[in-house]
Amino acid sequence: MTTPVSSMIYVLVASFVGSFGAVFLKFGSMNLHGGWKKFATNLWVWAGIIAYMLSSVFFVLGVRRGQLTILYPLVSLGYVWTLFWAKMFFNEPLTRAKFAGLALIFVGIFFLQLGNR
Amino acid sequence: MNSTSVATTETAAADRWKSISLVFVCTLLGAAAQMLIKTGANTISHKDWFASLLGMLTSMPLFFGYAMYGLSLILLTLAFRHGELSKLYPVIALTYVWVAGLSVLILHEPMNTFKGIGVALIVAGVGMMGIGGAK
C-alpha cells in the first residue's frame, strides 16, 4: 500500500494548524493561577483546543488512505512552525542545536518515505 | 550561592522535571489516541461527504481517541507553565516510537530498515532540539 500525495497534503495542513494550538496553549499556561474554574474559562486554552480539533479533522482526512508510519511523522513538521512561533511570540532562542534537530527530522522523514516504496 | 538561590534552583529543576514528565504522559496518551483514530478512520465510508461526516461523528474508536487527545491537551497546558515551548514540545516526538511499534504490532503495517532508521533520526532530531544548546 502506497501513500497518496493528497493524504500527505492533508497531514501537512494538520501540522500547520496544530502548531498554532501549541502557541495558544502556551499563552493559556501563562494565566492559570486560580484553579480549575480559571482553566475552564481560559480563552487561550479553548483556542488551543479548537486549533487541535481542526488539526485532527485534517489528520483524519489524511490518514483515511495510506500508512500511519509515513503520515504520522509528517506531523513533525509542526515543530518547524512551532520553533519560529516560539521565537516570534515568546522570544525563545533559535539555536544551532534546534536547527540541527530539525535537519535530523527532515532526513528521518526522507528515510521513512524510502521505506514506503 | 546562598540558601535562597539554592532553593530557587531546586524548585526550577523540579518544575522542569514535572513539565517533561507531563509531556511524556501526553506521548503515551497521544499514541493510544492515534491508534484509535486510525482504527476508526479505516471504518469510515468513502461513499459521499455526508456518509463520511456521519461516520466521523458516530465512530466509538474516534470518540475515545479524541477524548484521550483532549485529556493530553489539558496536561500539555499544565506542562507549558514552565520551560521553553521549543524545548518541551519536541518531547512529543516520543509518540512516533510508540505509534511505529504499535502500527507494526497491531495494524500489521510492514516494518523495514529504512523506516527504523527514519524513526531513530526523528527521535534523535527532536531530542537535540530539546537540549537546545548555544546559538
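A residue counts as buried if 20 or more other C-beta atoms lie within 10 Å of its own, as exposed if 12 or fewer do, and as partly exposed in between. The exercises below use a predicted model.

**Exercise 1. Is A:N91 buried or exposed, and where does A:N91 lie?**

Step 1. A:N91 sits in the loop between α5 (78–90) and α6 (96–115) of chain A.

Step 2. Count neighbours. A:N91 has 7 C-beta neighbours inside 10 Å. The cut-off for exposed is 12 or fewer. A:N91 therefore counts as exposed.

Step 3. Check the backbone. Most residues other than glycine have a negative phi. Phi of A:N91 is near 55 degrees, a positive value in a residue other than glycine.

**Exercise 2. Describe the overall make-up of chain A.**

Step 1. Count the elements. Chain A has six helices and zero strands. Along the sequence the pattern reads α-α-α-α-α-α.

Step 2. Take the dimensions. The C-alpha trace of chain A spans about 50 × 35 × 20 Å along its principal axes.

Step 3. Look at burial. Chain A has 117 residues, and 51% of them count as buried.

Step 4. Look at sequence separation. Take the contacts in chain A between residues at least 6 apart in sequence: 76% of these join residues at least 24 apart.

**Exercise 3. Work out how helix α1 of chain A packs against α3(A) and α5(A).**

Step 1. Start with the helix itself. α1(A) has 25 residues. Its first and last C-alpha atoms are 36 Å apart, close to the 36 Å expected at 1.5 Å a residue. The helix is mostly covered, with 18 of its 25 residues buried.

Step 2. Two packed helices are described by the angle between their axes and the distance between the axes.

Step 3. Apply them to the first pair. Helix α1 (residues 5–29) and helix α3 (residues 43–63) of chain A have axes that come within 7 Å and cross at roughly 165 degrees. Angles over 145 degrees count as roughly antiparallel. So α1(A) and α3(A) are roughly antiparallel to each other. Their crossing is left-handed. The residues of this contact comprise 19 nonpolar, seven polar and no charged.

Step 4. Apply them to the second pair. The axes of α1(A) and α5(A) come within 9 Å and cross at roughly 35 degrees. This crossing is right-handed. From α1(A), the contact uses A:S15, A:F16, A:G18, A:S19, A:A22, A:V23 and A:K26. From α5(A), it uses A:G78, A:W81, A:T82, A:W85, A:F89 and A:F90. By class, the contact of α1(A) with α5(A) has seven nonpolar, five polar and one charged residues.

**Exercise 4. Which elements of chain B touch chain A, and which gives the largest share?**

Step 1. Count both sides. In this interface, 43 residues of chain B are in contact with 43 residues of chain A.

Step 2. List the elements. On the chain B side, α1 (3–42), α3, α4 (85–88), α5 (94–105) and α6 each give two or more residues. The largest share, 13 residues, comes from α6(B).

Step 3. Sort by class. The side of chain B that touches chain A has 28 nonpolar, nine polar and six charged residues.

**Exercise 5. What surrounds B:V126?**

Step 1. Locate the residue. B:V126 is found in helix α6 (residues 113–131) of chain B.

Step 2. Classify burial. B:V126 has 25 other C-beta atoms within 10 Å, so B:V126 is buried.

Step 3. List the contacts. Leaving out residues up to four places away in sequence, B:V126 touches A:Y79, A:G101, A:I105, B:P90 and B:A93.

Step 4. B:H108 is 18 residues away along the chain, and the C-alpha atoms of B:V126 and B:H108 are separated by 26 Å.

Notes: Residues are numbered from 1 along each chain as its sequence is written. Chains are lettered from A and ligands numbered from 1 in the order in which they are written. This is a predicted model: local features need pLDDT of at least 70, side-chain atom pairs count only at pLDDT 80 or more; totals for chains, interfaces and linings use all residues. Axes are lines fitted to C-alpha atoms, for helices over the stretch in contact, and angles run from 0 to 180 degrees between N-to-C directions. Helices (H or I, at least four residues) and strands (E, at least two) are DSSP runs, numbered from the N terminus. Angles under 35 degrees count as roughly parallel, over 145 as roughly antiparallel, 65 to 115 as roughly perpendicular and the rest as oblique. A crossing is left-handed if the near helix is turned anticlockwise from the far one by less than a right angle, and right-handed if clockwise. Ala, Val, Leu, Ile, Met, Phe, Trp, Tyr, Cys and Pro count as nonpolar, Asp, Glu, Lys and Arg as charged, and the others, Gly among them, as polar. Two residues are in contact if their C-beta atoms, placed from the backbone, lie within 7 Å. The expected span of a helix is 1.5 Å times one less than its number of residues.
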